[in-house]
Amino acid sequence: MSTQTPIRRNTVPQIAARKGGEPIVSLTSYHAHTAAIVDKYADFILVGDSLGMVMHGMDSTVGVSLDMMITHGKAVVRGTQKALIVVDMPFGTYEESPAIAFRNAAKIMKETGCGAVKLEGGARIADTIRFLTERGIPVMAHIGLTPQSSHVMGGFKTQGRDEDSWPLHETDAKAVTEAGAFAIVLEGMVEPLAAKITKQIPIPSIGIGASVECDGQILVLEDMLGLNAWTPKFVKVYGNLGPQIEEAVSQYADEVKSRAFPTEAETYS
Ligand code: KIV
């Protein structure tokens, strides 16, 4: 008989209950190995559709497919034990109708084993969020700067600079909350607006470029590790892995070329 206590994954109600409490820690991850490290510190991990740009070299998230999200979602679930895993619904898989959104969200949950999905949009997508949550699919909402709509928004622009636009964002936050979202990502939003929305809603706000006023924070892992050639201005870079990887690769290349490569076949296992 095993004497070890099994590690329990964080649940959606546990994350929702953190409203106004200890700030929620979250990061993106797309692979089993990075997810295993992040899992030690994060309350939830997002398998974000940013993987299209970060991992696959796309110039936006629009081209990301359901299969890509499922492949990476599976890897992250396999690599983790503790964090709640949230998987993004990619562009084109949920906007057409609540029924299509349900079919695709259910596929993501069944095939990856994740605990929730995230989708972008406010009032316009509230009926879909209600349809999913009433049928057992926990939904994290995402408003403010919504990268899947960057073509409509005219690029990646901070939201709420003009105070006249605040009521639209506040309406979005209220609509997705009333539709049953358990948390809401506020992306690229000026601090006073993020603070106002955070006070108005009973569910945790998770900020990305939306100030310390949110109930939690999320960053794209590769941004904060210094792995991307370009990172948004608000990102604090905590690691400098790009140059470290380059140094290791160049040392390896030198050793192979000069026949100084140390591994003997006998040392394989
Ligand atoms: O796709 C993603 O990584 C995201 C975060 C930026 C919140 O949606």
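**Notebook: pockets, a helix and salt bridges**

I looked up the largest pocket and found a lining of 38 residues, with F156, E187, I208, P232 and F234 nearest its centre. The model I am reading is a predicted one.

I took the volume next: about 940 Å³ of space lies in the largest pocket. Sorted by class, its lining has 17 nonpolar, twelve polar and nine charged residues.

I then turned to the second largest pocket, which holds about 180 Å³ of space. I count 13 residues in its lining, and G122, G144, T146, M153 and D172 lie nearest the centre. The elements giving two or more residues here are β5 (139-144) and α8 (166-178). Helix α8 gives the most, with three residues. By class I recorded four nonpolar, seven polar and two charged residues for the lining of the second largest pocket.

I checked the length of helix α11, residues 241-257. Its 17 residues reach 24 Å from first C-alpha to last, close to the 24 Å expected at 1.5 Å a residue. Just after α11, I found R259 with a positive phi of about 55°.

I searched the whole structure for salt bridges and got eight. Side chains of opposite charge can pair when their charged atoms come close.

E111 and K107 meet through their side chains at 3.1 Å, N to O. Both residues lie in helix α5 (residues 98-112), four residues apart, about one turn of the helix. An α-helix has 3.6 residues a turn, so residues three or four places apart point the same way. I looked up accessibility as well: E111 is partly exposed at 36% relative accessible area, and K107 is partly exposed at 31%.

The next pair is D127 with R130, whose closest N and O atoms are 3.4 Å apart. These two are in helix α6 (residues 126-134), three residues apart and separated by about one helical turn. D127 counts as exposed at 55% relative accessibility, whereas R130 counts as partly exposed at 31%.

For the last pair I noted R135 and E134, whose side chains form a salt bridge at 3.9 Å, N to O. R135 counts as partly exposed at 43% relative accessibility. E134 is exposed, with a relative accessible area of 59%.

Terms used:
Residues numbered from 1 in each chain as written. Predicted model: local features only at pLDDT ≥ 70, side-chain atom pairs only at ≥ 80, totals over all residues. Heavy atoms only, no water. 1 Å grid on protein atoms, 1.4 Å probe; cavity = no way out; pocket = protein on both sides within 12 Å on 5 of 7 lines; lining within 4 Å. Points joined across faces, edges and corners; volume = space filled by probe spheres on them. Nonpolar A, V, L, I, M, F, W, Y, C, P; charged D, E, K, R; others polar. Expected span 1.5 Å × (residues − 1). Salt bridge = Lys/Arg side-chain N within 4 Å of Asp/Glu carboxyl O. Buried < 20%, exposed > 50% of the residue type's maximum accessible area, 1.4 Å probe, protein only.
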